[in-house]
Amino acid sequence: MVAEKKAFVATFCQLYFTYAYISSMKQPWYSKKWVMIAFHIAAWTLLFSLPFLLRPTYENSNTHESHDHTGWNAILKYILTNVLWVSFFYLNAYVLMPFFIYKKKYWEYAALQVPVFVVLIICDWILFRLFLTDRTYQLRLAILFVIFPYLFVLAGSIAFRMIKDKIQYDQLIQDREKENLKTELSFLRSQVSPHFMFNVLNNMVALARKKSEQLEPSLLKLSSLMRYMLYEADEEKVPLEKETEYLQSYIDLQQQRFGNNVAVNFHSEVPDKHYDIEPMLLIPFVENAFKHGTGMIENASIDIELRAKNNMLNFVVRNKYNPESIEIKDKTSGIGMSNVKRRLNLLYGGNHSLLISKNDGWFSVSLQLNFH
C-alpha cells in the first residue's frame with residue numbers, strides 16, 4: 001500500500017505539471033475545447049489505473065490480498081470512489097474556490113473542508129457497506145486511507161484552477177495589448193484624418209482673415225486635442241476629467257465647423273471624486289454621431305450626456321440620421337462600432353452595458369460602465 005500511495009503522488013504531480021506545461025503552449029489545436037476534455041479523461045484514466053498497472057510488482061508477495069482486490073465488488077467500489085474524487089476535484093475548482101477564495105473568504109473556505117471531509121468519509125463508509133459486506137469497517141484506518149488522497153486531490157484542484165486562471169489572465173492581457181494597438185492605429189486614421197484637420201484649419205484661416213476673437217481659443221482647443229491624442233492616450237488610464245475635456249474640445253471644434261447647421265447639446269456631470277478611465281474610450285460614439293448626424297438631415301441635432309456617480313458612468317449619445325446615407329458613410333474610415341464593442345468587452349467584460357437603438361429617425365447609444 002505504501003508503494004501504491006507513493007506512485008499515486010508521483011503520478012498526480014506528473015500529470016498536472018504536464019497540464020501546466022501544455023497549457024502554456026500557444027498552439028492552435030490546444031485552444032479547442034474537445035482537446036482539453038480528452039486530456040482530462042486520459043489523465044484521470046491513467047491516474048486511477050495505476051494500482052492495476054503496478055499490481056505485478058507486489059502480486060507475488062501477497063497472493064491472497066491481490067486476489068481479494070480483484071474481486072468485482074472491490075473493483076466496483078474502487079470505480080465509484082474514483083468518481084467521488086473526480087467530483088470533489090471539479091466541485092472545489094469551479095464552485096468552492098470562486099465562491100470563497102475569490103471573494104477572500106479564506107477562513108470560511110478552511111472551515112468548510114471539515115464537513116467536506118466528513119461527507120467523504122460517510123460516502124466511503126456507505127460504499128464499503130454496500131460492496132465489502134464480508135469485512136469490518138474500521139474508522140481509524142479509513143480516515144488514514146482517505147486523508148492522503150483527499151489532501152492531494154484538494155491541492156491538485158487548487159493548482160489546476162490557479163494555473164487555468166493564470167493562463168486565461170495572460171491571454172486576456174495579450175488580447176488587450178493587441179486590441180489597444182489596433183485601436184491606437186484606428187484612432188490615428190480616423191480622428192487625425194485629413195478631412196477633419198483640413199476643415200478645422202480652413203475655419204481657422206477664415207477666423208484669421210476676419211481677425212475674429214475666436215481664433216485664439218480655437219487654436220488652444222486644437223492644441224489640447226492633439227496633445228491628448230499624441231501623449232496622454234498612451235497611458236493605460238487617464239482621469240475622467242481629462243477625457244471629458246478632450247470630448248469638449250472635439251465637440252467645440254466640430255461645432256465650429258458646422259455652425260448653426262447642427263444643434264449640439266453636451267451636458268456633463270463629473271464629481272470631485274477621482275475616477276479613471278481608458279483613454280479615448282468614449283470618443284468613437286461622439287465621432288459616430290457627427291459622422292452620421294450631419295449632412296443632408298433636416299434639423300440636424302446631436303445630444304451628448306455624461307454622468308459619473310457612485311462608481312458608475314452613464315454616457316448617452318443621440319443624433320438624427322438619414323437612413324439613405326448611413327450605409328455610404330459606414331464604408332468610410334473609422335474604428336467602427338464592432339471594434340468599440342470588442343474593446344469594451346476586453347476591458348470591462350460584464351462590468352458594462354451597451355445599448356444601441358434606432359427609433360423615429362434617431363440613433364441612440366447608451367453606455368454604462370462600472371469603474372473598477
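This is a predicted model: local features need pLDDT of at least 70, side-chain atom pairs count only at pLDDT 80 or more; totals for chains, interfaces and linings use all residues.
User: How many of the 10 residues of α12 are buried, and how should I read that count?

Analyst: In α12, 9 of the 10 residues are buried, so the helix is largely enclosed by the rest of the structure. A residue is buried when its relative accessible area is under 20%, exposed when it is over 50%, and partly exposed in between, with a 1.4 Å probe and protein chains only as cover. Helices (DSSP runs of H or I, at least four residues) and strands (runs of E, at least two) are numbered from the N terminus. The buried set of α12 consists of I283, P284, F285, V286, E287, N288, A289, F290 and H292.

User: How many helices and strands does the protein hold, and what share of its residues is buried?

Analyst: The protein has 14 helices and 7 strands, and 38% of its 372 residues are buried. Its accessible surface (Shrake-Rupley method, 1.4 Å probe) comes to about 22,500 Å², and carbon and sulfur atoms account for 60% of that area. Where contact means heavy atoms within 4.5 Å, 74% of the contacts between residues at least 6 apart in sequence join residues at least 24 apart.

User: What does N288 touch beyond its neighbours in sequence?

Analyst: N288, which lies in α12 and counts as buried at 14% relative accessibility, is in contact with G293, M337 and F363 once neighbours within four places in sequence are left aside. With M337 the separation is 49 residues in sequence, while the C-alpha atoms are 8.6 Å apart in space.

User: Which residues of helix α10 are buried, and where do they fall around its axis?

Analyst: The general idea is that an α-helix has 3.6 residues a turn, so residues three or four places apart point the same way. Helix α10 (residues 215–230) has 16 residues and spans 22 Å from its first C-alpha to its last, close to the 22 Å expected, the expected span being 1.5 Å times one less than the number of residues. The buried residues of α10 are S218, L222, L225, Y228 and M229. Seen down the axis of α10, these buried residues fall within an arc of 130° (taken from the directions of the C-beta atoms from the axis), so they line one face of the helix. On the other side of α10, E216 and L220 are exposed.

User: How many aromatic pairs are there, and how is each one described?

Analyst: A pair of aromatic rings is described by the distance of the centres and the angle of the planes. Rings of Phe, Tyr and Trp (its six-membered ring) pair if their centres lie within 6.5 Å, and planes under 30 degrees apart count as stacked, over 60 as edge-to-face and the rest as tilted. The structure holds 12 such pairs. One of them joins F99 and F100 edge-to-face, at 4.9 Å centre to centre and 75° between the planes. F99 is partly exposed at 40% relative accessibility, whereas F100 is buried at 14%. In the pair of Y250 and F290, the centres are 6.1 Å apart and the planes stand at 80°, so this pair too is edge-to-face. It links distant parts of the chain, for Y250 belongs to helix α11 (residues 240–258) and F290 to helix α12 (residues 283–292), 40 residues apart. Both Y250 and F290 are buried.

User: Which rings join into a cluster?

Analyst: Ring pairs link F89, Y90, Y94 and F160. Y90, in helix α6 (residues 72–101), is partly exposed at 22% relative accessibility. Leaving aside neighbours within four places in sequence, Y90 is in contact with H40, W44 and V95.

Note on methods: Residues are numbered from 1 along each chain as its sequence is written. Side-chain values use heavy atoms; hydrogens and water are left out.
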